Amino acid sequence: MTAARSNMPVLDSLWMPFTANRQFKAAPRLLASAEGMHYTSNDGRRVLDGTAGLWCVNAGHGRKQIAQAVERQLSSLDYAPSFQMGHPIAFDFAERLASMAPGGADAKLDRVFFTGSGSESVDTALKIALAYQRAIGQGTRYRLIGRERGYHGVGFGGISVGGLVNNRRMFPQLPGSDHLRHTHDLAKNAFSQGLPEHGADLADDLERLVALHGAETIAAVIVEPVAGSTGVLLPPKGYLQRLRDIATRHGILLIFDEVITGFGRLGAPFATDYFGVTPDIVTTAKGLTNGTIPMGAVFVKRDVHDALMTGPESAIELFHGYTYSGHPVACAAGLATLDIYKSEGLLTRAAGLADLWRDAIHGLRGLPNVIDIRTIGLVAGIELESRPDAAGGRAYDVFVDCYNKGLLIRVTGDIIALSPPLIIEPEQIGEIVETLGEALKRAA
Ligand SMILES: Cc1ncc(COP(=O)(O)O)c(C=O)c1O
């Protein structure tokens with residue numbers, strides 16, 4: 001049993017997610033409160049949030065407006081079922097989201113399905129794609145295509161199209177799922193500023209899978225426009241448009257997983273807007289409620305939605321949904337979050353900081369073991385040479401060192417990922433680079 005120290009809870013019962021539980025409990029890091037750009041640890045230290053929590057606290061921490069909206073909602077309608085029943089705030093929130101849907105009014109991704117998380121959004125999108133194909137008489141299309149080094153959450157659908165071996169190797173996957181090759185090419189693109197020049201042709205991998213399986217078996221392809229959790233992998237110039245064109249040519253739906261890129265991360269409301277490439281379905285979560293209350297939303301093209309609104313009016317069109325779909329309290333948090341994003345211009349604020357951010361982060365080039373740096377909007381990936389026989393060890397040491405020096409970063413393998421709240425000020429960007437730079441110098 002782990003002894004309770006002052007300010008230290010007993011740690012035994014909680015089985016922590018995506019964590020080396022025994023290592024963590026031997027040397028725990030606990031965050032006790034948060035305000036603005038900072039956490040306070042349970043031993044009273046201020047920690048600069050270089051990761052917006054887990055890529056979700058886009059408007060910064062401790063937003064009173066959200067807290068008040070949640071409190072009001074809890075005391076007026078705490079919960080209401082969404083199956084064959086409705087409540088006004090879920091409709092209001094969906095209308096509000098539709099009015100700012102990815103791709104703008106022309107794209108018509110203005111039908112919104114609520115979920116409780118990014119993983120649920122992904123599984124929902126995959127199911128909608130399958131249901132759509134069947135509804136238009138394309139029921140032989142059962143395959144779902146993802147991409148190597150993609151992350152789409154942890155549902156069985158999400159891991160089937162995901163490309164992280166550790167998330168897949170123990171679990172069965174959906175029959176027929178397959179993967180495009182990833183686009184990460186250090187030999188050609190290391191230290192690119194802006195989008196990588198090389199690799200648009202990797203979108204042709206979808207043609208390869210069409211040739212291999214037959215287009216008539218493929219329902220949808222899902223990619224993150226910018227892969228976040230797997231190490232900040234940027235799409236090569238022209239790649240996403242090429243994927244769009246190939247998918248359209250073969251009647252395959254294109255899904256953008258914008259769980260990270262949605263709500264301002266790149267400097268536009270969605271990556272769909274940033275890249276000017278319009279998918280058929282967009283998945284979101286995280287920044288939807290500023291991370292405060294778990295919630296996801298799937299934006300669906302009107303045509304796709306309408307194809308399912310057929311048959312007898314008394315028939316349920318999609319046998320899918322969650323107890324917490326459109327949870328009133330989450331909707332209240334989401335509406336207040338959108339108000340903040342709007343009044344503070346946060347959905348485009350990263351655009352104004354992106355050059356400063358890029359230049360500051362690229363200043364880490366030349367430090368020991370740094371083999372690539374990638375930035376876009378307010379995201380950065382810093383890739384380190386792995387230690388022989390100890391992949392991930394070097395970045396993990398940098399992570400712990402930074403935390404001890406008052407900076408929260410995130411690591412995946414030997415890649416450091418940064419994604420601060422979009423309220424960050426230039427001097428805090430300087431602070432991130434300085435603290436991280438010193439830690440990189442110390443990490444042998
Ligand atoms: C692109 C992407 N999709 C899906 C997910 C899963 O979201 P959640 O952890 O809310 O289930 C994540 C989480 O990081 C993500 O980055």
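Predicted model: local features only at pLDDT ≥ 70, side-chain atom pairs only at ≥ 80, totals over all residues.

User: Where does Arg29 sit in the chain?

Analyst: Arg29 is in the loop between α1 (21–26) and β1 (31–35).

User: OK, switching to the ligand. Which residues are around the ligand?

Analyst: You'll find Ser117, Gly118, Ser119, Tyr151, His152, Gly153, Glu224, Ser229, Asp257, Val259, Ile260 and Lys286 around the ligand.

User: What about the oxygen atoms of the ligand?

Analyst: An oxygen atom of the ligand is 2.8 Å from a backbone N or O atom of Gly118. With Lys286 the side chain is involved, and there an N or O atom is 3.0 Å from a ligand oxygen atom.

User: Now helices. At what angle do α3 and α14 pack?

Analyst: About 150°, with the axes of α3 (residues 64–76) and α14 (residues 328–343) 8 Å apart. Angles over 145 degrees count as roughly antiparallel, so α3 is roughly antiparallel to α14. Their crossing is right-handed.

User: Which residues meet there?

Analyst: From α3, you have Gln65, Ile66, Ala69, Val70, Gln73 and Leu74, and they meet Pro328, Val329, Ala332, Ala333, Ala336, Thr337, Asp339 and Ile340 of α14. That contact has 10 nonpolar, three polar and one charged residues.

User: And α15 with α17, parallel or antiparallel?

Analyst: The axes of α15 (residues 346–362) and α17 (residues 426–442) cross at roughly 20° and come within 10 Å. That angle makes α15 roughly parallel to α17. The crossing of α15 and α17 is right-handed.

User: What's in the contact between α15 and α17?

Analyst: Leu353, Leu356, Trp357, Ala360 and Ile361 of α15 meet Pro426, Ile429, Ile432 and Val433 of α17. By class, the α15–α17 contact has nine nonpolar residues, no polar and no charged.

Key
Residues numbered from 1 in each chain as written. Heavy atoms only, no water. Axes fitted to C-alpha atoms, helices over the stretch in contact; angles between N-to-C directions. Helix = DSSP H or I, 4+ residues; strand = E, 2+ residues; numbered from the N terminus. Parallel < 35°, antiparallel > 145°, perpendicular 65-115°, else oblique. Left-handed = near helix turned anticlockwise from the far one by under 90°. Contact = heavy atoms within 4.5 Å. Nonpolar A, V, L, I, M, F, W, Y, C, P; charged D, E, K, R; others polar. Near = heavy atom within 4 Å. Polar contact = N/O pair within 3.5 Å; in protein donor to acceptor, adjacent residues only side chain to side chain.
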